[in-house]
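Please look at the sequence and the structure before reading on.

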Amino acid sequence: MYGLVNKAIKELISTQFGEEQWTVIKAKAGVDIVEFVSMQPYPDSISYDLVGAASEVLGTSASDLLEAFGEYWVLFTGAEGYGELMNMSGDTLFEFLGNLNNLHTRVSLTMEGLSPPSFDCVDVTETSMDLHYRSVRAGLAPMVVGLLRGLAKKFKCELSIEHKESKADGADHDVFALRLG
Ligand code: 1MF
């Protein structure tokens, strides 16, 4: 994944738990990179190993960490120069979700190595939809829950999320039933 992701992991851990914990976690993950470069691709294993090590060191489940990370990503990218990209992508949560594939296509135009997930909005009403999430990566559904919570805060709405179908439980892909209000 692009270095931007690992930078966000570092920021989240070092701001919430301190620089020392980050150093311990990085060492435990066997990562000896001093500074991640945002626009450089890194093996996915680096990001997974960092989350795994953080889970052990902090005594928090990987799933909770991924969810916190997803929520943080919305803030982080907004502050790290992608605010305009995010703001351009919709005025409401549902509009934003409907434009997410376009957002990733736009990023892919400059960053060829991007392997973005896809998000498809199905059975959309004013207040509900099924969000179909497909990814080449495994185990990141909790991060999507966090992303949705972060977006709900950004758009100031109450969102309930039901994980209707789970790839981890053998489904073809993950489906989230979303309801506003
Ligand atoms: O393949 C990748 O490296 C990759 C990196 C980040 C693919 C996707 C993403 C973003 N995505 C992370 C979860 C991936 C889960 C998965 O693969 O199954 C979050 C997608 C998302 C969902 C809901 C709301 C907002 C979301 O993201 C918005 C977004 C997406 C991509 C970027 C920024 C905001 C982005 C911007 C620049 C990047 C990489 C990603 O790289 C550069 C490019 C130029 C200069 C510096 C860095």
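How many salt bridges does a search of the whole structure find? The search finds seven, a salt bridge being a side-chain nitrogen of Lys or Arg within 4 Å of a carboxyl oxygen of Asp or Glu. The model is predicted, so local features need pLDDT of at least 70 and side-chain atom pairs count only at pLDDT 80 or more, while totals for chains, interfaces and linings use all residues. Residues are numbered from 1 along each chain as its sequence is written, and side-chain values use heavy atoms, with hydrogens and water left out.

Among the salt bridges are these:

| Pair | N to O distance |
|---|---|
| Glu56 and Lys28 | 3.5 Å |
| Arg137 and Asp44 | 2.7 Å |
| Glu67 and Arg149 | 3.1 Å |

Helices (H or I, at least four residues) and strands (E, at least two) are DSSP runs, numbered from the N terminus. Glu56 is exposed, at 58% relative accessibility; exposed means over 50% relative accessible area, buried under 20%, and partly exposed in between (1.4 Å probe, protein chains only).

Arg137 sits in the loop between β2 (128-134) and α6 (141-154), and Asp44 in helix α3, so this pair ties together parts 93 residues apart in sequence. Arg137 is buried at 15% relative accessibility, whereas Asp44 is partly exposed at 25%.

Glu67 lies in helix α4 (residues 62-88) and Arg149 in helix α6, so the pair ties together parts 82 residues apart in sequence. Glu67 is partly exposed, with 25% relative accessible area, and Arg149 is partly exposed, with 36%.
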